[in-house]
Amino acid sequence: MTGPAEVRHHRGVPPSSHPPSSSGVVGAAGRYPVAEDRALALTLAGRSLLPVGPLRMYTCGITPYDVTHVGHAATFVWADLVTTLARATGTGAVVARNVTDIDDVLTDAARSRGRHFDELALMQEFLFDRDMKALSVAAPTTSPHARAHVRAVTRLASALLAVDAAYEVDGHVYFRGADVPESAGLDESTALKLSHRYGDQDGVPGRESVFDVPVWRPSAENDPAWPSPWGWGRPGWHAECAAMVVCSLGTSVDVLLGGVDLAFPHHAYQSAMVEAATGVTPFAGSVVHVGEVRRDGRKMAKSTGNLVLVGDLLEVYPGAALRLGLLHRAWAEPWECETAVFDAAGAVLAELVSLADTAVGHGDAADGGAAVPSHQGVLRRLVDDLDVPGAVSLALTEGGDAASYLLDVLKLRAR
Ligand code: ZN
């Protein structure tokens with residue numbers, strides 16, 4: 001059985017010169033050595049990650065009802081970089097990226113096209129996978145689907161009811177969320193505004209608090225529905241991800257990652273539900289919320305109608321230039337999606353490729369470790385909170401091996 005990128009211990013021999021004894025990480029776009037520096041740890045948002053086992057990351061994935069836009073792509077390219085770096089530091093990674101294939105927006109989109117919701121979902125997933133491949137985003141270790149976790153959501157609801165973290169009202173099971181805004185660092189009016197925006201105030205009769213959210217809710221006649229102890233119904237959005245993460249990765253994760261718009265209410269409630277049901281806190285060691293992608297000064301969103309589609313950009317730019325354009329910034333920074341970003345990334349990429357032509361092989365510490373190998377300098381920048389601009393600038397200055405390593409580890413080689 002072949003696993004995802006395999007990690008072996010590097011013995012200080014350049015892979016290119018001695019293939020049989022070589023070691024390193026084999027990715028979609030090439031081979032690069034595992035860090036020599038055993039203390040080299042990935043640091044995210046001020047936290048150093050040194051998991052004993054593989055890094056466990058949950059990435060909030062897509063609701064497959066429409067084509068992939070740059071806002072989605074940015075999230076998944078950053079997630080891909082986290083796992084690549086975890087592997088490059090020798091940690092390894094297990095990644096779950098879910099598919100929210102039970103959701104009212106999906107049901108509505110399918111209905112308006114005269115399709116069944118799971119047929120539309122499968123088609124959109126196929127297109128999404130194609131876009132991800134073009135951006136060299138590796139497939140996650142596991143891709144839990146909401147449809148396959150309905151029973152897990154009913155178990156989650158039962159667990160929450162058992163500890164009085166939830167209550168039942170007429171076929172709804174509501175999670176007690178009155179404390180969630182404060183734990184998320186939000187005042188009530190901001191939290192209420194956000195929960196309206198993301199649908200948490202729709203179709204929720206009989207709640208004790210406006211911040212309670214459905215773990216389970218009854219389905220109307222034309223909604224997808226499954227049996228449960230509380231009648232036929234369907235899971236709530238936050239509960240789906242709470243159930244999927246526990247089923248995929250256990251009761252806690254090292255990294256919870258998604259777009260910044262998922263911070264509240266989605267991730268706040270997902271985390272609160274898992275913690276209440278399992279008693280394990282904190283649910284997430286580090287939380288990475290990727291900065292908002294904007295177009296014409298506004299958040300890129302289907303509802304705003306300002307989407308830039310990955311498929312359209314791929315007709316103009318190579319996947320590697322798009323990938324670098326998405327990564328060449330601080331991960332939390334909001335940015336404006338315009339062609340200048342990808343033109344500039346294409347120019348930097350061309351320079352890196354030309355510098356990498358002069359590489360003589362990865363600079364290993366075979367000389368006793370007196371000098372810092374050039375690829376280690378690049379890796380050190382990258383593991384320091386994913387400092388891609390710092391790593392690019394170092395590679396442009398040093399050229400040769402540093403540029404070559406950067407192209408490999410950022411997966412920017414032409415395929
Ligand atoms: Zn989610």
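**Close-up views of a predicted model**

**View A. Helix α13 and its N-terminal cap.** D387 caps the N-terminal end of α13, with a side-chain oxygen 2.9 Å from the backbone nitrogen of G390; a polar contact here is a pair of N or O atoms within 3.5 Å, and within protein one must be able to donate a hydrogen and the other to accept it, while residues adjacent in sequence count only if both atoms are side-chain atoms. This is a predicted model, in which local features need pLDDT of at least 70 and side-chain atom pairs count only at pLDDT 80 or more, while totals for chains, interfaces and linings use all residues. Residues are numbered from 1 along each chain as its sequence is written, and side-chain values use heavy atoms, with hydrogens and water left out. Helix α13 spans residues 388-398, and its buried residues are V388, G390, A391, V392, L394 and A395. Buried means under 20% relative accessible area, exposed over 50%, and partly exposed in between (1.4 Å probe, protein chains only). Helices (H or I, at least four residues) and strands (E, at least two) are DSSP runs, numbered from the N terminus. Look for α1, α10 (319-327), α11 (339-356), α12 (374-383) and α14 (400-409), against which the buried residues of α13 pack. Just after α13, G399 takes a positive phi of about 65°.

**View B. The largest nonpolar core.** This core holds 69 residues, of which V70, F342, L382, L386, L406 and L410 touch the most other members. Such a core is a set of buried Ala, Val, Leu, Ile, Met, Phe, Trp, Tyr and Cys residues joined through side-chain atoms within 4.5 Å. Helix α1 (residues 70-88) gives the most to this core, with twelve residues. Domain 1 (51-315) and domain 2 (342-409) both contribute residues, so the core lies between them.

**View C. The zinc site.** Here C60 (SG), C241 (SG) and H266 (NE2) coordinate the zinc ion at 2.0 to 2.1 Å. Donors are N, O and S atoms within 2.8 Å of the metal (3.2 Å for Na, K and Ca); water is not among the atoms, so sites may look incomplete. C60 lies in strand β5 (residues 55-62) and C241 in helix α7 (residues 237-249), so the pair ties together parts that are 181 residues apart in sequence. C60 counts as buried at 5% relative accessibility, and C241 counts as buried at 1%.

View D. Y167 has Y174 in β8 as its bridge partner.

Methods. Domain bounds come from an automatic or database domain assignment. Contact means heavy atoms within 4.5 Å. Two strands pair if DSSP finds at least two bridges between them.
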